[in-house]
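Open the model in your viewer and keep the selection tool ready. The stops below take one residue or element at a time.

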Amino acid sequence: MPDPRLSRWAEVLVDYCVAAQPGDVVGVTGGVAAAALLRAIHGALVERGAHPVLVPTFPDLRADLLTAGDDEQLAFVPPTERFLRREADALITVLAETNIKSLSAVDAARQTLLARSRQELMAASMARAAAGEFRWSLTLWPTAAYAQDADLATDDFAELVLRACKLHEPDPIAAWRRLGAEQQRLIDRLAGADQVRLVGPDTDLTFAIGGRSWVNSDGKRNFPSGEIFTGPVEDSADGRVRFSFPANAGGREVADVRLRFERGAVVEASAAQNGEYLERALSTDEGARRLGEFAFGTNFDLTRFTKHTLLDEKIGGTVHLALGAGYPETGSVNRSAVHWDLVCDLRQGGRVEVDGVPFLVDGRSLS
């Protein structure tokens with residue numbers, strides 16, 4: 001990757017996404033495959049007078065822990081994890097997996113135990129972020145593993161990621177601010193809305209959003225981003241939904257997920273592939289069967305499915321629902337060790353109605 005784009009990527013993460021200031025303690029963590037970007041972020045933070053704390057991660061360490069560790073070891077939360085989410089002023093995370101399937105042979109029950117051990121930490125970091133005490137951003141380095149999942153050459157996948165991040169723009173920060181303004185117009189139209197109905201193939205789902213807030217995800221917390229999201233009322237979801245995009249979770253591809261809700265909770269669930277993992281995730285805790293998030297994808301620089309949720313949930317013309325933990329700033333009170341985003345593609349037929357009025361049809365919002 002040419003150095004100018006690498007430097008620009010780091011600068012946008014530091015200056016726009018987490019707005020690092022002199023004296024800020026900023027955690028930087030990610031896979032060693034992204035060493036070039038991690039070093040560029042570190043350098044940018046030093047130049048701005050911040051205090052970077054670099055915590056690189058190595059391939060397959062989590063698989064080793066899950067395979068060989070006992071229950072006490074799985075429940076242990078390292079001080080570095082606590083520091084990054086409880087004490088640092090900001091955190092930049094770079095996803096850089098080199099083997100998407102490294103957890104595929106690990107018992108799902110052990111993965112659930114590991115997730116439960118981090119539930120309190122996840123809730124604490126969400127609360128800090130909602131209170132404005134913690135700034136975080138998540139980005140993705142284009143590894144060969146991600147490219148293979150997307151059925152692309154690594155260089156072509158890198159171009160997809162860079163374009164989705166708007167790093168092809170002369171001024172990426174200005175481009176994100178323009179998208180933020182467009183998204184705010186959508187949020188303004190949704191002000192005061194009460195009921196949402198999602199209709200599509202094998203899908204007819206309703207839920208309430210009355211009293212909840214919409215969040216403008218304009219490239220700061222997810223990079224790339226491009227979505228607006230809220231937290232459905234916890235006991236309101238009723239009906240059925242089918243997710244057209246498969247999701248990678250716990251080293252498994254869970255495909256053709258179908259859920260039926262009654263009074264807010266999943267009462268029936270199936271998947272054409274790895275259905276047992278879906279059931280295990282739903283059984284993690286009480287909140288895992290309820291919705292923590294509903295969102296519209298608005299990034300039309302993303303046009304193709306990649307099997308990576310950070311990208312796919314932002315595709316313009318899609319919506320996604322998250323099982324499990326909701327974001328406190330939306331008003332959600334759903335708590336869970338799970339936050340699992342599942343994507344519905346509405347571009348080839350489907351609609352979202354808000355208080356009985358079509359809002360999104362065939363992937364395009366109605367003015």
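Select Asp 202 first: Asp 202 is partly exposed, at 37% relative accessible area (buried means under 20%, exposed over 50% and partly exposed in between, with a 1.4 Å probe and protein chains only). This is a predicted model, in which local features need pLDDT of at least 70 and side-chain atom pairs count only at pLDDT 80 or more, while totals for chains, interfaces and linings use all residues. Residues are numbered from 1 along each chain as its sequence is written, and side-chain values use heavy atoms, with hydrogens and water left out.

Arg 258 is partly exposed, at 33% relative accessibility.

Next, select Glu 279 and Arg 289, a salt bridge whose closest N and O atoms are 3.9 Å apart. Glu 279 belongs to helix H11 (residues 275-282) and Arg 289 to the loop between H11 and strand S15 (291-297), so parts ten residues apart in sequence are tied together. Both are partly exposed: Glu 279 at 35%, Arg 289 at 25%.

Move to Glu 120 and Arg 82, whose side chains meet in a salt bridge (3.6 Å, N to O). Helix H7 (residues 119-130) holds Glu 120 and helix H5 (residues 79-87) holds Arg 82, so the pair ties together parts 38 residues apart in sequence.

For a network of salt bridges, select Arg 197, Asp 204, Arg 351 and Glu 353. The whole structure has 28 salt bridges.

Turn to the strands. S3 (residues 90-95) and S4 (residues 135-140) run parallel and are joined by six bridges (strands pair if DSSP finds at least two bridges between them). Select Thr 93 to find its bridge partner in S4, Leu 138. S4 is also joined by two bridges to S8 (residues 222-223), again parallel; there Thr 139 has Phe 223 as its bridge partner.

Last, select Val 32, in the loop between strand S1 (25-31) and helix H2 (35-47). Val 32 is partly exposed, at 33%.

Conventions
Helices (H or I, at least four residues) and strands (E, at least two) are DSSP runs, numbered from the N terminus. A salt bridge is a side-chain nitrogen of Lys or Arg within 4 Å of a carboxyl oxygen of Asp or Glu.
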